[in-house]
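Hi,

Here is the structure I promised to pass on.

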Amino acid sequence: MRLWRGKPGWAAALIALLMTAGVCASAPAATAAPAARPDFRLPFACGQTWQLQTYLGHAPDDKKLDMYRVGGPTLGATVVASAAGAVTELFEPGGLEINHGGGWFTVYLHMDRRDVRLGQSVASGTPLGRLGLVGTDSAHLHYEQLYDTNGDNDGETDEMVHPVIQGTEYRLSPNGPFPQVKSTNACDGGGQPDRFWVDTYADATGYKDVDCVGDSTPRCAPQGTLRKGTNYVLCKKWGHKVGNDTSYNHWWLLTDLDEVAPGGSGRAYVSAYYLQKWGNDEAKDNDGRVIDTCT
């Protein structure tokens, strides 16, 4: 812009004349600054280490992250919420979106099981689902952070931002380096219990407690059924023996049932006797981790 250098008072008179004529408009209102970004943590359990990667054509290569487990299996790993919010969208391949408030969103892809429902509120560290081979030949988590710039209360691809995780901003290049990050998510004990993935060889009946073998009173009414296959459990508790003299288990596993009986509770105990792996009185997950004892 050129500055007008006329006689003293000329500029003020000219501005007054333009304003009278309706030519001079008021200055545009300042654009509101983005709301403070939530304290996004690595979307995996406390203490786990994951490598962050991207590749040429990821579009945009420097904003989208692919995450691979270090020192443990990626396939079957539990994905957790990066920060508190609400699940606002479920989509394919194996994806979901969380609204964290203030215009901030996160996106998670490639889960073969989603364990949250649309509209559900989650805390940082709440389990969201299990990583699988949905929409990919190589198990990994695709992760994005987005900021709603157009005010439509949704996070879109063109609103993606450079992710900040545990206080560090990442702008990756397909050429590397690919950082390894240790999760601090819910390390203070917040969030939901960790989930242990197990294979069960038969359908199992769930009960409110672990001392219901042979008890037909209303207190021990069946709560529903856990279908055979790959399921998650939260913790274990010592109780009545199930089995016989050669094959048995005293441990009971707290889990969410697939089918709930009328009037029953969706969360109940099933016998560890139905674990496809391990032996008598053992309660481990598919990776050999000892399942936590219920508190």
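To start with something you can check by eye: in which strand is Thr78 found? Thr78 is in strand β3, residues 78-80 (strands are DSSP E runs of at least two residues, numbered from the N terminus).

Before going on, the ground rules. This is a predicted model, where local features need pLDDT of at least 70 and side-chain atom pairs count only at pLDDT 80 or more, while totals for chains, interfaces and linings use all residues. Residues are numbered from 1 along each chain as its sequence is written, and side-chain values use heavy atoms, with hydrogens and water left out.

Back to Thr78. It counts as buried because its relative accessible area is 10% (buried is under 20%, exposed over 50%, partly exposed in between, using a 1.4 Å probe and protein chains only). The Thr78 side chain makes a polar contact with the side chain of Trp197, at 2.8 Å. By polar contact I mean a pair of N or O atoms within 3.5 Å; within protein, one must be able to donate a hydrogen and the other to accept it, and residues adjacent in sequence count only if both atoms are side-chain atoms. Leaving out residues up to four places away in sequence, Thr78 also touches Pro43, Phe44, Pro127, Gly129 and Arg195, among others (contact is heavy atoms within 4.5 Å).

Trp197 turns up again in the largest pocket: it is one of the residues nearest the centre, along with Leu75, Gly76, Ala77 and Asp287. In all, 21 residues line this pocket, and its volume is about 370 Å³. The lining has six nonpolar, seven polar and eight charged residues. For the method: on a 1 Å grid over the protein atoms alone, a pocket is an open set of points where a 1.4 Å probe fits, with protein on both sides within 12 Å along at least five of seven lines, and lining residues have an atom within 4 Å of a point. Volume is the space filled by probe spheres set on the points, which are joined across faces, edges and corners. Asp, Glu, Lys and Arg count as charged, Ala, Val, Leu, Ile, Met, Phe, Trp, Tyr, Cys and Pro as nonpolar, and the others, Gly among them, as polar.

Next, the packing. The largest nonpolar core has 29 residues, and Met67, Tyr108 and Leu128 touch the most other members. A core here is a set of buried Ala, Val, Leu, Ile, Met, Phe, Trp, Tyr and Cys residues joined through side-chain atoms within 4.5 Å. β10 gives the most to this core, with three residues. Another core, of 14 residues, lies apart from it and includes Phe196 and Leu253.

- His162 sits in the loop between β10 (141-147) and β11 (164-165). At 12% relative accessible area, His162 is buried, and its side chain makes a polar contact with that of Arg171 (3.4 Å).
- Thr88, in strand β4 (residues 85-91), is partly exposed at 37%. Its C-alpha is 5.6 Å from that of Ile98, ten residues apart along the chain, and Thr88 is in contact with Ile98, Phe105 and Leu118, among others.

Cheers

Definitions and conventions: Helix = DSSP H or I, 4+ residues; strand = E, 2+ residues; numbered from the N terminus.
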